[in-house]
Amino acid sequence: MSKIRQILPTEISDQEIVDGVSKGDSRAINKIYKIYFPLISRMIVNNSGSEDEAKDIFQEAVMVLYDKITQQKFELSSKLGTFLYAVSRRLWLKQLTRKGNSANTSDISDFEDLLGIEDDLERHEETELKFDQMNKALSQLGEPCQTLLKDFYIANMSMQDIRDKFGYTNTDNAKTQKYKCLQRLKKIFFNSSLEK
Amino acid sequence: MQRHDFIEWADQYLRGELTAEDAIAFESFCRTEPSYSEVFEQHRLFVQDLEKNEMRHAFQQALIAEGNAFEATKYHKTGQKTTSLWSKLQVNAGVAAAVALISVFSTLWITGYFANIKKANTDYSALRREMNSVKKNVTEQHKAIQNINNDKNKNSSSIHFGATGFMLTRDGYVVTNYHVINGADSVHLQNVKGQAYKAQIVYTDPQKDLAILHIADPSFKILKNIPYTFKKQSSELGEDIFTLGFPRDEAVYGQGYLSSNTGYAGDTIAYQISIPVNPGNSGGPVLDNQGNIIGIISGKQKGIDGAAFAIKTKELVETLNKIPADSLKGNIFLNNKNMLSTLPRTEQIKKLQDYIYIVKVF
C-alpha cells in the first residue's frame, strides 16, 4: 500500500518539483527521492549494479536535472520521471562501458538521443568542471579569505558585521582585505582554467 | 579612481546599497569608461558563478543527505513493518495456537487415547471379561437401525462385564474383585444351575481390590454349609493349587502351583500363581489340595507366561474385619469345617461348584 503511494506522484506535479529544485527546496529533493529513486535503483540493480552505485548514479542524474533547470529556461519536454530514468540509464551505461562491460548497450541509446539528453549531459559535465575548479580555488584560497568572501557575496553580510566578526580595526581595512581575497581567488580560478 | 575602489563601488551597486542618484552615476561611469565596464562585467559574472557554485553545492549536500536519510528510513521502515505485523498477528497466533491445542487434546481425549496410555503403561491386566461386547454392539446397532423410525425406546440393559465370585457364608455373602464391580449399575450373581440373583455391594476395598456382595434376592435360599475353609497362614511355594471360574459361561477348572510369595511388582498382598487364567477368572477362589481357600484371583501380567496373581486370604479376612457392623445383616462367620480335604479332585469340584457364581455387572 505504502509502496503504491510512493510510486504515484499524485500529491505533487512535475512543475512544482522543478520550481522547488531551482530554489533548492529540500521538500522537492525529498519528493524526487521518494518518487523516482525506487524505479531507477531497481533498473541499476537489475543491470549488475549495487545499491550504492544506484545511489551515486541517481544523485548525478538529479544534478544533471539541476544544471538543466538552473542554466536555461527549463521546459518539460517529457515527464520528469522519463527524463531522470533516461539520464540515469545513460550514465549507468557509460559507467559500464568504462568498466569494460558493454554488453547490450546499443538498443537503448536511440531513444535517449531523441530526448536530447547528450546535450544535457555535456552541459552538466562542463558545469561540473567549472564548479569543481571553483571549489578547488576556494579551498586553495584558505581561511579567512574563503569565509570572508562567502559571508559577503553569498550570505550578504554587511561590511560592519564582517569587520566585527573578523576583528578588523575599521571597515576600510575589511574592504581592502575583501578585495585582496577576491583578486587572489580570481587569479587561482583563471590560472587553473587556463591550465586546462 | 583606483581599481579596488571601483570594485567596492560595483559591489555596492550589485547589492543595491547605492542611492538612486549614485546608481545612475555608476552606470554612466561604466558607459563613459569602457575598460571599467569590462572589469565590472567580468566581476559581475564571477560573483554570480560564486553564488551559483554555493547554491549548487548546497543542493548537492542536501541531495546526499536526503539519500542517506532515505536509506535510513527504508531500513527503519522495514524493521517497523515486521514488528507491527507481529504485534498485529499476535492475538491471531495466540488464538490459533489455543484452538490447535484444544482440538488436539480433545480429539485425543474423545478417542480414548489417554485411557489407552494409562492401560498401556501397566502390563498388569485385570481379569474381568467384557461380555461379547463386539457382538452385542453390532446387534444393538442393527436393532437401532431397524427401529430407527420407531420412537419406542427400548430400555435394554446390557451386561458390561462378567467375572467370578464365591460364597463366604451360606447366607449369601459373596466376595469378588473390586475392579469387577467398579462403576456398576447393578450386580447379578448366577450359579451353575442358571439361577440368577440380584446382589448388593456391601463393602469395597480398592487398595486390596476386593468387594463384598450380599445376595439381596428374596428367591435366594440359604445353602448348605460351605464345604471349604479359609487358610489365613501363608502357603508354601510349589504347593499344588486349583481354581474354578467363569472365563466363559460354563465353569472352567484350572490347575497349577504357587510360584511366588509376592504379586505384581513385589506386591505383598498377593501370590504369584501359575494357573492358566483368562478374563472372567477374576474373583475366582484359589484352593489347595485340602480344599482350603488360599487366595482370590485378581489379574495377570501381560507378556509373561503363567504369571497370574491371587490376593491372599489373609487380606480378605482383614477386609472383612474392616466392614462397619451397620452394613451387615448379622456377622460374617467364616466356615472352619472342611469337607473337601479327603475327597478326590472331581468330587471336590462337584461340591465346590454350587458355591461359585458368575458375577454379571450391568
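pLDDT is the predictor's confidence in each residue, on a scale from 0 to 100. You will want it at hand here, as this is a predicted model in which local features need pLDDT of at least 70 and side-chain atom pairs count only at pLDDT 80 or more, while totals for chains, interfaces and linings use all residues. Residues are numbered from 1 along each chain as its sequence is written, with chains lettered from A in the order in which they are written.

Let's start with confidence. The model scores ipTM 0.76 and pTM 0.43. Chain B averages a pLDDT of 82, and 90% of its residues score at least 70. Helices (H or I, at least four residues) and strands (E, at least two) are DSSP runs, numbered from the N terminus.

Now look at where the chains meet. Counting two residues as in contact if their C-beta atoms, placed from the backbone, lie within 7 Å, chain A contributes 23 residues and chain B 23 residues. On the side of chain A that touches chain B, at least two residues each come from helices H3 (26–46), H4 (51–71), H7 (117–141), H8 (145–154) and H10 (171–195) of chain A. The largest share, six residues, belongs to H4(A).

Finally, turn to Val286(B). Leaving aside neighbours within four places in sequence, Val286(B) is in contact with several residues, including Ile241(B), Thr243(B), Ile273(B) and Ala310(B).
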